[in-house]
2 protein chains.
Amino acid sequence: MRVRLDLAYDGTEFSGWAAQRDRRTVQGELERALATLSRAEPRLTVAGRTDAGVHARGQVAHVDLQPEVAADPLVHRRLDGLLPPDVRVQRVAAAADGFDARFSALWRRYRYRVADGPADPLRRRDTLSWPRPLALDRLQQAGAGLVGEHDFAAYCRRREGATTVRGVLALDWQRESDGVLAMTVTADAFCHSMVRSLVGAMVAVGEGRREPDWPGGLLSRAERATDVPVAPPHGLCLEAVGYPADGELALRQHVTRQLRVLAGDEPAA
Amino acid sequence: MRVRLDLAYDGTEFSGWAAQRDRRTVQGELERALATLSRAEPRLTVAGRTDAGVHARGQVAHVDLQPEVAADPLVHRRLDGLLPPDVRVQRVAAAADGFDARFSALWRRYRYRVADGPADPLRRRDTLSWPRPLALDRLQQAGAGLVGEHDFAAYCRRREGATTVRGVLALDWQRESDGVLAMTVTADAFCHSMVRSLVGAMVAVGEGRREPDWPGGLLSRAERATDVPVAPPHGLCLEAVGYPADGELALRQHVTRQLRVLAGDEPAA
């Protein structure tokens with residue numbers, strides 16, 4: 001029986017999502033807890049494989065469990081009880097027919113927090129502290145030039161035979177009530193370190209070292225732009241993953257798989 | 001030369017504000033940094049002596065430094081450079097004539113965060129996670145019964161000869177955009193563990209174990225109410241301290257000192 005898990009984690013002490021031998025990872029901790037719960041070795045499939053140090057508030061994964069384990073009304077509480085305090089299960093629910101956390105996803109939404117004023121020590125784990133002031137209007141102008149379907153090769157780590165075309169549905173900067181600058185970006189998928197590279201380019205504009213049309217102008221390049229700094233991971237958080245209505249899940253999964261096969265590619269963060 | 005310091009800290013790893021031998025405290029870390037900077041042994045005076053585990057975003061302290069140290073334009077940066085990442089100096093400024101961080105203060109404002117829904121691991125250091133739902137309207141009703149000048153003996157740790165009369169100027173609960181319940185309370189001063197005791201009583205009302213008039217009803221008691229649970233420290237944060245206009249500082253300090261002497265009392269959190 002397929003179960004959908006909605007997850008949140010503080011990525012500070014994790015070597016990212018993906019299980020690795022001898023490293024503490026989110027997938028590793030969750031699969032260990034699920035193994036204890038189910039006395040089997042369930043494998044998780046996730047919507048966004050976050051890097052080391054990246055956080056999540058709206059991560060989605062699925063796992064196939066024995067019906068008696070999945071249907072246990074205490075499964076959520078038991079699972080949380082087996083997990084360390086830096087990973088929490090927000091919701092456990094039977095997955096709709098055809099649901100695949102990775103291939104059914106329509107979009108992923110990330111957020112990046114940068115403090116260009118006094119640092120708040122209580123948010124130092126999820127906020128980049130920037131030593132110089134950043135101009136909100138310049139950040140917004142830079143962001144506007146990145147929306148749309150483009151080849152993001154300049155912002156991606158190259159993988160042989162994989163496309164770097166992605167569709168950015170929205171990208172916005174705002175100053176929050178606590179004075180912190182927050183960027184929210186939504187795309188069908190992201191390639192490796194793409195959000196952090198976009199932030200690195202836009203911050204250079206925000207502090208006046210680059211012109212607002214520079215980040216968008218890099219989209220014409222066919223390969224990684226070495227002059228784009230990659231922002232540190234701890235400011236980044238996966239906020240949400242969007243799925244189609246239940247009746248369209250199987251179709252979406254099929255289409256995504258076919259596209260990925262054709263492109264030799266897979267979604268990542 | 002007297003300097004005003006505006007401070008923020010993550011209280012998680014501190015045994016509170018006040019310096020103690022062999023314990024890591026906020027005052028201890030700051031005085032060590034100030035000693036390195038000034039090659040003297042400056043002593044800090046603070047507006048709100050927070051307990052172990054309590055945080056601050058708007059703490060205020062003063063310290064008397066040699067004029068050449070205080071007037072160094074890099075003093076703020078140097079001080080931050082000498083401090084660990086869980087204490088930050090938000091602002092360093094010459095204090096107005098007659099300024100005393102403790103005795104000039106007109107009010108202190110604290111905030112307490114309680115999550116009664118899914119826990120956010122990124123906020124687990126400054127948010128109490130509550131396992132049952134809390135009713136906002138009941139919390140608000142309970143809070144309304146606590147505003148005003150009262151004898152808060154039921155909510156205070158008793159000290160011989162000290163008054164427990166305090167003036168609560170405002171107390172409000174609201175549900176934040178992240179779903180967390182936040183209480184904000186402003187008073188001329190607080191006695192020891194008073195905010196956490198008030199929260200403990202109101203949470204009992206919020207989850208339906210007590211009636212909304214119970215917390216206010218306890219104000220008639222002459223001593224500590226042992227049936228009031230003290231909420232854990234990590235949900236609590238000192239948000240701001242209010243001072244009069246510069247011209248009235250000396251007068252305020254004088255009045256407060258006289259009142260404290262008469263009452264045999266001192267402000268604390």
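Student: At what angle do helix α1 and helix α3 of chain B pack, and how far apart are their axes?

Tutor: Keeping in mind that this is a predicted model, helix α1 (residues 26-38) and helix α3 (residues 75-82) of chain B pack at an angle of about 125°, and their axes are 9 Å apart.

Student: What do you call that orientation of α1(B) and α3(B) to each other?

Tutor: Angles over 145 degrees count as roughly antiparallel and 65 to 115 as roughly perpendicular, with the rest being oblique, and α1(B) and α3(B) are therefore oblique to each other. Their crossing is right-handed.

Student: And which residues meet there?

Tutor: From α1(B) come Ala33(B), Thr36(B) and Leu37(B), which meet Arg78(B), Leu79(B) and Leu82(B) of α3(B). Sorted by class, this contact has 4 nonpolar, 1 polar and 1 charged residues.

Student: Switching topic, how many residues does each chain put into the contact between A and B?

Tutor: Chain A gives 18 residues and chain B gives 18 residues. On the side of chain A that touches chain B, β4(A) gives the most, with 3 residues, and by class that side has 8 nonpolar, 2 polar and 8 charged residues.

Student: Why do you say the copies meet through the same surface?

Tutor: Because 100% of the interface residues of chain A are also interface residues in chain B.

Definitions and conventions: Residues numbered from 1 in each chain as written. Chains lettered and ligands numbered in written order. Predicted model: local features only at pLDDT ≥ 70, side-chain atom pairs only at ≥ 80, totals over all residues. Contact = placed C-beta atoms within 7 Å. Helix = DSSP H or I, 4+ residues; strand = E, 2+ residues; numbered from the N terminus. Nonpolar A, V, L, I, M, F, W, Y, C, P; charged D, E, K, R; others polar. Axes fitted to C-alpha atoms, helices over the stretch in contact; angles between N-to-C directions. Parallel < 35°, antiparallel > 145°, perpendicular 65-115°, else oblique. Left-handed = near helix turned anticlockwise from the far one by under 90°.
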